[in-house]
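Visitor: I would like to learn how to read a few features of a protein model.
Guide: Then let us take them one at a time, with the general idea before the case.

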Amino acid sequence: MSRVPMFSSPLLLGFDQLERTLERLAKNAEGYPPYNIERIGENGLRITLAVAGFSSDDLAIELVENQLTVRGKQADDASRVYLHRGIAARQFQRAFMLADGIEVTGARLDNGLLSIELVRPLAEPRIRTIRIDSGKQPEANNTIDITARRTGSR
């Protein structure tokens with residue numbers, strides 16, 4: 001049975017990248033570490049991850065294109081002998097897809113909470129008028145285009 005794409009409507013052109021992004025995020029839906037996302041003022045956002053036991057040296061934040069990735073990996077201390085180990089010290093990777101224009105302005109680790117500050121600049125409406133050419137083109141232009149294509153392909 002074939003899968004019907006979510007954005008298969010002919011009215012939704014160019015959304016295939018968005019669909020791939022949603023599929024990738026669904027695969028990355030592990031629940032560790034827990035996080036909050038809050039609105040700060042008009043244009044600000046804050047992502048807060050609970051990373052108890054991790055130092056800033058154990059954490060890495062990377063922004064590639066629009067994907068913000070937070071990774072954590074602790075070195076195991078061989079000198080410690082645990083009778084019970086209930087605090088998670090496993091490595092993790094948490095990814096967030098950011099909309100175009102959102103910028104990361106900073107990050108802070110305080111009391112086991114990693115806060116990542118984001119800002120969304122105010123979007124100016126983009127209005128563009130498209131010129132409509134007439135259906136007929138002069139024969140000379142067609143000849144030049146065809147000649148140029150032939151010359152360029154050899």
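**Reading loops, a sheet and a core**

Guide: Glu-65 is found in the loop between strand 3 and strand 4. Keep in mind that the model is predicted.

Visitor: Is Glu-65 buried or exposed?
Guide: Glu-65 has a relative accessible area of 73%, and exposed means over 50%, so Glu-65 is exposed.

Visitor: Which loop holds Asn-111, and what is phi there?
Guide: Asn-111 lies between strand 6 (103-110) and strand 7 (113-119), in the loop that separates them. Its phi is near 55°, again a positive value in a residue other than glycine. With a relative accessibility of 73%, Asn-111 counts as exposed.

Visitor: How many bridges join strand 4 to strand 5?
Guide: Six bridges join strand 4 (residues 67-72) to strand 5, and the two run antiparallel. For a position to look up, Gly-72 stands opposite Phe-92 in strand 5.

Visitor: Where is Gln-67, and is this residue buried or exposed?
Guide: Gln-67 belongs to strand 4. Its relative accessibility is 19%, and buried means under 20%, so Gln-67 counts as buried. The side chain of Gln-67 makes a polar contact with the side chain of Thr-69, at 3.5 Å. The C-alpha atoms of Gln-67 and Ala-99 are separated by 9.0 Å, while the two residues are 32 apart along the chain.

Visitor: Which residues have the most contacts inside the largest nonpolar core?
Guide: That core has 16 residues, and those with the most contacts inside it are Ile-47, Leu-49, Val-51, Phe-92, Leu-114, Ile-116 and Leu-118. Strand 2 (44-50), strand 4, strand 5 and strand 7 are the elements that give two or more residues to this core. Leaving aside residues up to four places away in sequence, Ile-47 touches, among others, Leu-68, Phe-96 and Leu-114.

Visitor: How many aromatic pairs are there, and why is the pair of Tyr-32 and Phe-92 called edge-to-face?
Guide: The count comes to three aromatic pairs. The rings of Tyr-32 and Phe-92 have centres 6.0 Å apart and planes at 90°; planes over 60 degrees apart count as edge-to-face, so this pair does. Tyr-32 lies in the loop between helix 1 (16-27) and strand 1 (35-40) and Phe-92 in strand 5, so the pair ties together parts that are 60 residues apart in sequence. Tyr-32 is buried at 11% relative accessible area, and Phe-92 is buried at 6%.

Visitor: What links Phe-54 to Phe-92?
Guide: Their rings have centres 5.3 Å apart and planes at 80°, so this pair is edge-to-face. The pair links distant parts of the chain, with Phe-54 in the loop between strand 2 and strand 3 and Phe-92 in strand 5, 38 residues apart. Phe-54 is buried, with a relative accessible area of 6%.

How values were computed: Residues numbered from 1 in each chain as written. Predicted model: local features only at pLDDT ≥ 70, side-chain atom pairs only at ≥ 80, totals over all residues. Heavy atoms only, no water. Pairing = 2+ DSSP bridges. Helix = DSSP H or I, 4+ residues; strand = E, 2+ residues; numbered from the N terminus. Buried < 20%, exposed > 50% of the residue type's maximum accessible area, 1.4 Å probe, protein only. Polar contact = N/O pair within 3.5 Å; in protein donor to acceptor, adjacent residues only side chain to side chain. Core = buried A, V, L, I, M, F, W, Y, C linked by side-chain atoms within 4.5 Å. Contact = heavy atoms within 4.5 Å. Phe/Tyr/Trp six-rings, centres within 6.5 Å; stacked < 30°, edge-to-face > 60°.
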